[in-house]
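Please look over the structure below.

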Amino acid sequence: MTILWTACAFLSGSLMFSYWLGRMGRHNLKYVGDGNPGALNLWKAAGYQLGLAGIILDFLKGYLILGWIFGFNLEHTRVQGYAIIPIALAPVFGHAFSPFLKGKGGKAIAVTFGVWSALTRFEASLALAIILAVGMAAAKLLARGRPTSPEADGLQVAFGMLLLGIYLYLGGYRNAILWVWLGNFALISFKHRKELAFFLKKKHAEPGGE
Ligand SMILES: O=P(O)(O)OC[C@H](O)CO
């Protein structure tokens with residue numbers, strides 16, 4: 001059953017709603033902004049109505065499938081022990097490596113919120129949203145109101161996910177949930193590898209850098 005549920009969750013995550021909404025509005029998100037087939041670029045290309053629809057649908061494809069499989073309550077779920085790990089990670093991997101885009105999916109931020117909403121009844125998603133909002137406000141202050149770079153945004157997302165892991169650990173979440181977080185964190189870092197590499201290179205290029 002675990003394999004079947006994992007396959008269903010992967011298929012749900014691989015549905016590229018933002019990308020398809022963009023195509024319906026004659027926008028190819030591969031050529032918008034950073035080329036990510038996600039809701040932010042849909043918003044930029046087609047406006048806030050479609051952008052919001054993209055965010056909601058990309059969120060729901062993680063939330064609803066896991067809610068259905070886990071029964072919207074992880075304390076009394078029919079899925080036992082570590083079986084939740086592949087199932088919970090499947091929507092995120094589905095979006096990141098969608099077969100509908102020949103394996104080149106998106107950065108998986110919106111679906112990550114859906115997954116953590118289903119796993120923790122919104123608690124971890126709220127924590128992540130607050131972490132990212134505080135990070136964005138701090139970055140805006142540092143940039144003195146100028147728009148932040150895509151590299152800085154990517155660093156913030158990866159760092160936010162790292163802080164979410166600390167939050168889950170301190171919150172006493174069980175090992176299986178912490179493994180889900182580790183997989184999600186690794187994937188988000190991988191999908192932002194160019195942005196992270198930019199900062200690593202910059203540090204090495206600085207006088208005194210190794
Ligand atoms: O991470 P995605 O692919 O869900 O896209 C969402 C937003 O565009 C984040 O930048």
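Is Arg26 buried or exposed? The model is predicted, and in it Arg26 has a relative accessible area of 79%. The cut-off for exposed is over 50%. Arg26 is therefore exposed. Its place in the chain is the loop between α2 (17-24) and α3. Its backbone deserves a look too. Arg26 is not a glycine, yet its phi is positive, at about 60°.

Arg121 also has a positive phi without being a glycine; here the angle is about 50°. Arg121 sits in the loop between α6 and α7. Its relative accessibility is 56%, so Arg121 counts as exposed.

## Around the ligand

Which residues surround the ligand? They are Asn36, Gly38, Ala39, Leu40, His95, Gly106, Lys107, Ala108, Ile109 and Ala110.

A polar side-chain atom of His95 is 2.8 Å from a ligand oxygen. The backbone contributes as well. A polar backbone atom of Lys107 lies 3.1 Å from an oxygen atom of the ligand. For a polar backbone atom of Ala110, the distance to a ligand oxygen is 3.3 Å. On its own, the ligand would expose 300 Å². The protein buries 86% of that area.

## The largest pocket

The largest pocket holds about 1200 Å³ of space. Its lining counts 33 residues. Nearest the centre are Leu40, Ile109, Met136, Asp153 and Val157. Leu40 and Ile109 are also among the residues that surround the ligand.

Which helices build this lining? At least two residues each come from α3 (39-46), α4 (48-70), α6 (109-120), α7 (123-142) and α8 (150-170). The largest share is that of α7, with six residues. Sorted by class, the lining has 17 nonpolar residues, nine polar ones and seven charged ones.

## The second largest pocket

About 550 Å³ of space lies in the second largest pocket. It is lined by 24 residues. Gly35, Asn36, Gly105, Lys191 and Lys194 are the closest to its centre. One of these, Asn36, is also among the residues around the ligand.

Helices α8, α9 (175-191) and α10 (193-205) supply at least two lining residues each. Of the helices, α10 gives the most, with three residues. What classes of residue make up this lining? It divides into 10 charged, eight nonpolar and six polar residues.

How many cavities of 30 Å³ or more does the structure hold? It holds one. The volume of the largest cavity is about 40 Å³.

Ile109, Thr112, Leu128, Leu132, Val157, Met161 and Ile188 line this cavity. At least two of the lining residues come from each of α6, α7 and α8. Six lining residues are nonpolar, one is polar and none is charged.

Gly135 belongs to helix α7. Is Gly135 buried, exposed or partly exposed? Buried means under 20% and exposed means over 50%. Gly135 has a relative accessible area of 23%, so it is partly exposed.

Ile56 is part of helix α4. Its relative accessibility is 47%, so Ile56 counts as partly exposed. What separates Ile56 from Gly114 in sequence and in space? In sequence they are 58 residues apart. In space, 9.1 Å lies between their C-alpha atoms.

Methods
Residues numbered from 1 in each chain as written. Predicted model: local features only at pLDDT ≥ 70, side-chain atom pairs only at ≥ 80, totals over all residues. Heavy atoms only, no water. 1 Å grid on protein atoms, 1.4 Å probe; cavity = no way out; pocket = protein on both sides within 12 Å on 5 of 7 lines; lining within 4 Å. Points joined across faces, edges and corners; volume = space filled by probe spheres on them. Helix = DSSP H or I, 4+ residues; strand = E, 2+ residues; numbered from the N terminus. Nonpolar A, V, L, I, M, F, W, Y, C, P; charged D, E, K, R; others polar. Buried < 20%, exposed > 50% of the residue type's maximum accessible area, 1.4 Å probe, protein only. Near = heavy atom within 4 Å. Polar contact = N/O pair within 3.5 Å; in protein donor to acceptor, adjacent residues only side chain to side chain. Areas by Shrake-Rupley, 256 points an atom, 1.4 Å probe, with all protein chains shown as cover.
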